[in-house]
Amino acid sequence: MSLAAGRPVIAIPGPSPVPDRVLAAAHRASPDIYGEELAELNLQVVAQLKRLAGTQANLAPYIGNGHAAWEAAGANLFNPGDQALTLTFGHFGRSWAQQMEAMGVAVERLDSGNLPVDPDRLAQRLARDTAHAIKAVMVCQIDTATGVMADIPALRDAMGDHPALLVVDAIASLGCAPMMMDDWGVDVLISASQKGMMCPPGTSFLWFSDRTAARGRTQLTTPYWDWHSRAHAEALWRFWGGTPPVQQIFALDEALRMILDEEGIFAVWARHAALARAVWAAVDAWGEGGTGIRLAVGDPAARASSVTAIILPGADALRAWVTANCGVTLGVGLGAEQPENVLRVAHMGHSNAAMILAALGAMQAGMTALGIPCGPGGLDAAARVLAEPA
Ligand SMILES: *Cc1c(COP(=O)(O)O)cnc(C)c1O
């Protein structure tokens, strides 16, 4: 007998759960796209997106997923043959580097395996670049595959006065982990609607500093991807390079109101951090007694607040069991050495304590059913974390 009927719990790191309120806001026929109402709502969404990133600088919106935003950034930042330094510690950083290479950028990888990059290594590499050939340093704030979180202010410090731009992929972190683009000196920020922003997939965004804008267009800048014309748009269609994604604008308006004006961004960050700690506590308990269950990232300071990768012998079988029997969907072990023994639990976006306890409870039931050895007290440990005042 399966116990999976009922409301599903989706704990994959994107697309993340969309609040019913956001779906309801999007459930509207398109109004007059030449009218004032939509033009004003669009401006309000742009202003909210800047608040979310912690910037007063420029924003270019795109219809497309995160990969589209990567390509848009590349088209605006580089000439063919330009040098870029990528800091990679997981599948997403590595595939971003490949995409830039395919666009003709000379990408150098500073790979730190599945551990966060050491800022000193970055400082040493840039110190050797006395000719200032490196145009940009590219890094994922959170690599969604490994669940590693980079320390962006420390990396910015390590860059010293080297003129390279700091380009940050915050697709899995914006609206989940702290980001203060202007205060931290981030030049280009990349994100998309379907993770911390709690919206359906389909739109993505580039925020870029005035220093970046001053570099002007490159040989790779094509009219559609050109971020200057979008950031300085006046007519609604120019923001989006054509027909605006009307229903997505309604969705973004509702979701950003929930994040910024109702819960508040500091509370949103604190909620993500607490849910993450609850998952870590359960995994630590399950790992007691040499069961082989452990967190993929040892150092708590380097762990993501939006997704946790767990090394768990029998992970694939467990994922299948919790889906079939509990209605819980967990993330696959993306890019891991033994992906069948790794799974990921997302605590990203519209996710609360009950949903995390549901995912962890289903995992414990599954390990019991499948005879996967686990230490006792995992759920108690998670509950103790959630009982602490935030
Ligand atoms: C999800 C994700 C991407 C890719 O976004 P898509 O919308 O799937 O194209 C890129 N980088 C990071 C860090 C991500 O989490």
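1. Helices (H or I, at least four residues) and strands (E, at least two) are DSSP runs, numbered from the N terminus. Residues are numbered from 1 along each chain as its sequence is written. The model is predicted: local features need pLDDT of at least 70, side-chain atom pairs count only at pLDDT 80 or more, and totals for chains, interfaces and linings use all residues.

2. Just after helix H13, Gly327 has a positive phi of about 75 degrees. H13 itself covers residues 315–326, and its 12 residues should span 16 Å at 1.5 Å a residue, which agrees with the 16 Å between its end C-alpha atoms. The expected span is 1.5 Å times one less than the number of residues.

3. Which residues of H13 are buried? They are Ala315, Leu318, Arg319, Trp321, Val322 and Cys326. A residue is buried if 20 or more other C-beta atoms lie within 10 Å of its own, exposed if 12 or fewer, and partly exposed in between, with C-beta atoms placed from the backbone. An α-helix has 3.6 residues a turn, so residues three or four places apart point the same way.

4. The cover over the buried residues of H13 includes strand E13 (328–332), strand E14 (342–346) and helix H14 (353–370). Contact here requires C-beta atoms, placed from the backbone, within 7 Å.

5. The residues around the ligand include Gly14, His67, Phe92, Asp143, Asp169 and Ala192. The shell divides into 5 nonpolar, 5 polar and 2 charged residues. Ala, Val, Leu, Ile, Met, Phe, Trp, Tyr, Cys and Pro count as nonpolar, Asp, Glu, Lys and Arg as charged, and the others, Gly among them, as polar.

6. From Gly14 to Pro15 the peptide bond is cis, with omega near -5 degrees. Pro15 sits in the loop between strand E1 (9–11) and helix H1 (20–26).

7. His132, not a glycine, has a positive phi of about 55 degrees. His132 counts as exposed, with 11 C-beta neighbours inside 10 Å. Met198 also is not a glycine, and its phi is positive, near 60 degrees. Met198 counts as buried, with 27 C-beta neighbours inside 10 Å.

Terms used: Near = placed C-beta within 6 Å. Contact = placed C-beta atoms within 7 Å.
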